[in-house]
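Hi,

Here is the structure I promised to pass on.

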Amino acid sequence: MVYDGPSEERRQIEICFTANYQALCYFASSLLHDDEASEDVVQDVFCKVIVSGRQFESDGHMRSYLYIAVRNSCINLLRNGGQRSVGLDDDALSDYRTLDEDADYEMVRTEIIRKISAAIDTLPPRYREVFELAYVKDARNEEIAELLQISPNTVRVMKQRAKKQLRALLQDLYPLLFLVVKNLI
């Protein structure tokens, strides 16, 4: 990203923070299994980016940098906070290689979830509400119809239309969706 000065740079980082904070915390938590520590890691990474004054070529470049920085911070935290802080034997090195592979998998998985969430947010408000009730909260059509004071048939139609819109928005992700779905089932 090319910036016009310090205030523009800070504004871009704030936008990036808002857009990526939750996903990065989820990613860190998948590695650390500690929500508080995950939030600390993500906040520290953002602070380091701000203090360094680092500039990025694009939003994608910044997001990649953040994921890698969060992954590395998580690995360092585990390495330094773990029982083997003085030296790593072969088993410990193997554990960290596995963690690194898991981090790459979780990075992709987190980004897919972020894109799915962003696509859901673009649905018309009523469709989004029906979709979230049906697929996130696992409510039945009759329950949704009663809650929203619409007919069960309208619920079915809205679910179908929402899925059709999401399919169109997420068509490029279809080959990767198994990464998310495989662990949710």
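Arg126 counts as partly exposed, because its relative accessibility is 35%. Before you read too much into any one side chain, keep in mind that this is a predicted model. Arg126 forms a salt bridge with Glu129, and the closest N and O atoms are 3.5 Å apart. Glu129 is partly exposed too, at 35% relative accessibility. Both sit in helix α5 (residues 125-136), and because they are 3 residues apart there, about one helical turn separates them.

The structure holds 2 salt bridges. Arg140 is exposed, with a relative accessible area of 51%, while Glu142 comes out as partly exposed at 44%.

Now the overall picture. The protein has 8 helices and 0 strands, so if you go along the chain you read α-α-α-α-α-α-α-α. Of its 185 residues, 37% count as buried. The protein exposes about 11,700 Å², and carbon and sulfur atoms supply 50% of that. If you take the contacts between residues at least 6 apart in sequence, 66% of them join residues at least 24 apart.

Ser38, in helix α2, is buried, with a relative accessible area of 0%. Leaving aside residues up to four places away in sequence, Ser38 touches Cys25, Ala28, Ser29 and Leu32.

The other is Ile120, which lies in helix α4 (residues 90-121). Ile120 counts as buried because its relative accessibility is 11%, under the 20% cut-off. Again not counting residues up to four places away, Ile120 touches Arg128, Phe131, Glu132 and Leu166. Ile120 and Leu169 are 49 residues apart in sequence, yet their C-alpha atoms are 9.3 Å apart in space.

Which residues form the negative surface patch? They are Asp34, Asp35, Glu36, Glu39, Asp40 and Asp44. Asp34 lies in the loop between α1 (6-32) and α2 (35-52), and counts as partly exposed because its relative accessibility is 36%.

Cheers

Definitions and conventions:
Residues numbered from 1 in each chain as written. Predicted model: local features only at pLDDT ≥ 70, side-chain atom pairs only at ≥ 80, totals over all residues. Heavy atoms only, no water. Patch = residues over 30% accessible without salt bridge, like charges linked within 9 Å, V, L, I, M, F, W, Y side chains within 5 Å. Areas by Shrake-Rupley, 256 points an atom, 1.4 Å probe, with all protein chains shown as cover. Salt bridge = Lys/Arg side-chain N within 4 Å of Asp/Glu carboxyl O. Lys, Arg positive; Asp, Glu negative; His and termini not counted. Charge placed at Lys NZ, Arg CZ, Asp CG, Glu CD. Helix = DSSP H or I, 4+ residues; strand = E, 2+ residues; numbered from the N terminus. Buried < 20%, exposed > 50% of the residue type's maximum accessible area, 1.4 Å probe, protein only. Contact = heavy atoms within 4.5 Å.
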